[in-house]
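Have the viewer open as you read.

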Amino acid sequence: MTEKIPAAPGVVRQYKTGDLEACRALWVVLTEWHRDLYQDRKIGGADPGRLFDEHLDRVGAENVWVAEVSGEVVGLTGLIPAEHDPELEPLVVKEQYRESGIGRQLVETVIDKAQAEGARFLRVRPTARNDLALLVFHRLGFDILGHIELLMDFRSVDPTTWHPGEKIAGRDFRV
Ligand SMILES: CC(C)(COP(=O)(O)OP(=O)(O)OC[C@H]1O[C@@H](n2cnc3c(N)ncnc32)[C@H](O)[C@@H]1OP(=O)(O)O)[C@@H](O)C(=O)NCCC(=O)NCCS
């Protein structure tokens with residue numbers, strides 16, 4: 001268990017070039033989180049930090065924000081623009097800084113930007129097994145289920161790979 005850093009005021013600001021390495025590292029934190037959730041080291045490929053570069057190229061620096069505490073970049077979020085329903089992606093806070101309001105500040109920044117741009121909806125698409133993200137997003141106002149993505153796994157996987165999870169429309173779904 002990582003020791004928590006005592007709460008200090010976080011500042012959310014737009015991404016700047018000097019944040020590149022810190023944001024790559026936060027993308028790795030996000031990837032490790034999903035690797036642990038799914039017990040799958042292949043998630044994110046060989047160099048997951050570089051996926052941040054692809055994201056930045058796609059959305060532009062004006063749609064990426066970081067949270068800073070005492071000069072250290074400890075959180076990252078972004079907005080994938082779209083005419084009607086932009087998407088909040090990614091969202092990650094360094095483990096030692098969680099549960100002190102930084103995630104909320106980041107999410108609220110994205111909500112404000114999406115609203116200012118006249119969006120009709122703001123989407124988030126957490127993985128179905130990410131209970132913490134579901135809890136946090138629900139707490140922050142995302143309480144409408146839009147689309148649901150269903151998967152069929154063609155690999156010959158261990159029966160324990162997918163966990164009993166959600167009941168939707170009276171049916172049991174694995175996550
Ligand atoms: C999701 C994440 C970014 C939240 O960041 P955070 O800084 O801990 O969030 P905050 O402290 O601002 O909490 C936001 C709200 O969720 C609640 N919350 C956060 N973590 C919680 C927990 N473990 N248990 C219960 N509630 C929790 C807080 O109480 C808060 O609600 P409030 O403001 O009404 O009190 C962080 O947990 C994280 O990086 N998780 C791993 C990566 C991930 O799953 N990202 C989302 C991918 S889609």
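1. A definition to begin with: patches are made of residues with over 30% relative accessible area and no salt bridge, with like charges joined within 9 Å and nonpolar side chains (Val, Leu, Ile, Met, Phe, Trp, Tyr) within 5 Å. A salt bridge is a side-chain nitrogen of Lys or Arg within 4 Å of a carboxyl oxygen of Asp or Glu. One nonpolar surface patch consists of L145, I148 and L150, which together have about 340 Å² of accessible area (Shrake-Rupley method, 1.4 Å probe; for residues, only the protein chains shown count as cover).

2. The model is predicted: local features need pLDDT of at least 70, side-chain atom pairs count only at pLDDT 80 or more, and totals for chains, interfaces and linings use all residues. Residues are numbered from 1 along each chain as its sequence is written, and side-chain values use heavy atoms, with hydrogens and water left out.

3. L145 is exposed, at 68% relative accessible area (exposed means over 50%).

4. Around the ligand there are 20 residues, with L91, E99, G103, R104 and R139 the closest (a heavy atom within 4 Å). α4 gives the largest share of this shell, 6 residues (helices are DSSP runs of H or I, at least four residues).

5. Now the ligand's oxygen atoms. A polar side-chain atom of R104 is 2.6 Å from one, and for a polar side-chain atom of N130 the distance to a ligand oxygen is 2.8 Å. The protein buries 80% of the 930 Å² that the ligand exposes when taken alone.

Definitions and conventions:
A polar contact is a pair of N or O atoms within 3.5 Å; within protein, one must be able to donate a hydrogen and the other to accept it, and residues adjacent in sequence count only if both atoms are side-chain atoms. Helices (H or I, at least four residues) and strands (E, at least two) are DSSP runs, numbered from the N terminus. Buried means under 20% relative accessible area, exposed over 50%, partly exposed in between (1.4 Å probe, protein chains only).
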